Amino acid sequence: MTQQLIALAIILFFITRLFGQRRRQRLAPGEFWFWLAFWLLAAVLILGLKWIDRLVAGIGFSGSGIEVLLYLAVTVLFYFIFRLRLRLAKAERDITEMVKQVALINKQK
């Protein structure tokens, strides 16, 4: 129970930081709603940890619910890293194309 309270306090801290970032307009609306849904889902999963334990045992996994949540979190993080990598590669291509266009324009002058 103590671990759940600590986890919920940490999530509450992140949600307050999220609202602070929104107030300072450092987040796009879509980004804000995504992260708010993410943290709220995390809070719900932590509150329903015993139900997840029973579900995991019913499915036949030997681990506990918190281990399954950890595995899911790692999987989601790897997915976000993959998406970030794709966006970074696109930004690099766009910058390269832009620099090429500027160089061609400067050469014509």
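This report covers the helices, the nonpolar core and the aromatic pairs of a predicted model.

## Helices

| Helix | Residues in helix | First to last C-alpha | Expected span |
|---|---|---|---|
| α1 | 22 residues | 32 Å | 32 Å |
| α2 | 19 residues | 27 Å | 27 Å |
| α4 | 44 residues | 65 Å | 64 Å |

In α1, the reach is close to the value expected at 1.5 Å a residue. The reach of α2 is also close to its expected value. For α4, 65 Å is close to the expected 64 Å.

## Helix α1 and residue Q4

Helix α1 covers residues 2-23, and Q4 lies in it. The buried residues of α1 are Q4, I11, I15, L18, G20 and Q21. They pack against α2 and α3.

Is Q4 buried or exposed? Q4 has a relative accessible area of 17%, and the cut-off for buried is under 20%, so Q4 counts as buried. The side chain of Q4 has a polar partner. A polar atom of that side chain lies 2.8 Å from the backbone oxygen of I46. Beyond its neighbours within four places in sequence, Q4 is in contact with I46, L47 and L49.

I11 also sits in the buried set of α1. Setting aside neighbours within four places in sequence, I11 is in contact with W39, A42, A43 and I46.

## The loop after α1

Q25 follows α1 and has a positive phi, near 60°. Q25 is found in the loop between α1 and α2. Q25 is not a glycine, yet its phi is positive, at about 60°. Most residues other than glycine have a negative phi. Where does Q25 stand on accessibility, buried or exposed? Q25 has 72% relative accessibility, and exposed means over 50%, so Q25 counts as exposed.

## The nonpolar core

Which residues make up the largest nonpolar core? The members are I11, I15, L18, F32, L36, W39, A43 and I46, 8 residues in all. Both α1 and α2 (29-47) supply at least two residues of this core. The largest share, 5 residues, comes from α2. In soluble globular proteins, nonpolar side chains tend to be buried together.

## One face of α2

The buried residues of α2 include F32, L36, W39, A43 and I46. Seen down the helix axis, the buried residues of α2 fall within an arc of 90°, so they line one face of the helix. G30 and V44 are exposed on the other side of α2. The cover over the buried residues of α2 includes α1 and α3 (49-59).

## Aromatic pairs

The count of aromatic pairs comes to 10. One of them joins F34 and F80. Their ring centres are 5.7 Å apart and their planes stand at 80°; over 60 degrees counts as edge-to-face, so this pair is edge-to-face. Why does the pair tie together parts that are 46 residues apart in sequence? F34 lies in helix α2, whereas F80 lies in helix α4 (residues 65-108), so the pair ties together those parts.

F34 counts as partly exposed, at 38% relative accessibility. F80 is partly exposed too, with a relative accessible area of 27%.

F80 has another aromatic partner, Y79. The Y79 and F80 pair is tilted, with 6.1 Å centre to centre and 45° between the planes. Y79 is partly exposed, with a relative accessible area of 45%.

One aromatic cluster is formed by F13, F14, F34, W35, F38, W39, Y79 and F80. W39 belongs to this cluster and to the largest nonpolar core.

## Helix α4

In α4, the buried residues include G65, L69 and A89. What covers the buried residues of α4? The cover includes α2 and α3. Helix α2 therefore meets α4 in two ways here: α2 is part of the cover over the buried residues of α4, and F34 of α2 pairs with F80 of α4.

Key: Residues are numbered from 1 along each chain as its sequence is written. This is a predicted model: local features need pLDDT of at least 70, side-chain atom pairs count only at pLDDT 80 or more; totals for chains, interfaces and linings use all residues. Side-chain values use heavy atoms; hydrogens and water are left out. Helices (H or I, at least four residues) and strands (E, at least two) are DSSP runs, numbered from the N terminus. Buried means under 20% relative accessible area, exposed over 50%, partly exposed in between (1.4 Å probe, protein chains only). A polar contact is a pair of N or O atoms within 3.5 Å; within protein, one must be able to donate a hydrogen and the other to accept it, and residues adjacent in sequence count only if both atoms are side-chain atoms. Contact means heavy atoms within 4.5 Å. A nonpolar core is a set of buried Ala, Val, Leu, Ile, Met, Phe, Trp, Tyr and Cys residues joined through side-chain atoms within 4.5 Å. The expected span of a helix is 1.5 Å times one less than its number of residues. The arc is that of the directions from the helix axis to the C-beta atoms. Rings of Phe, Tyr and Trp (its six-membered ring) pair if their centres lie within 6.5 Å; planes under 30 degrees apart count as stacked, over 60 as edge-to-face and the rest as tilted.
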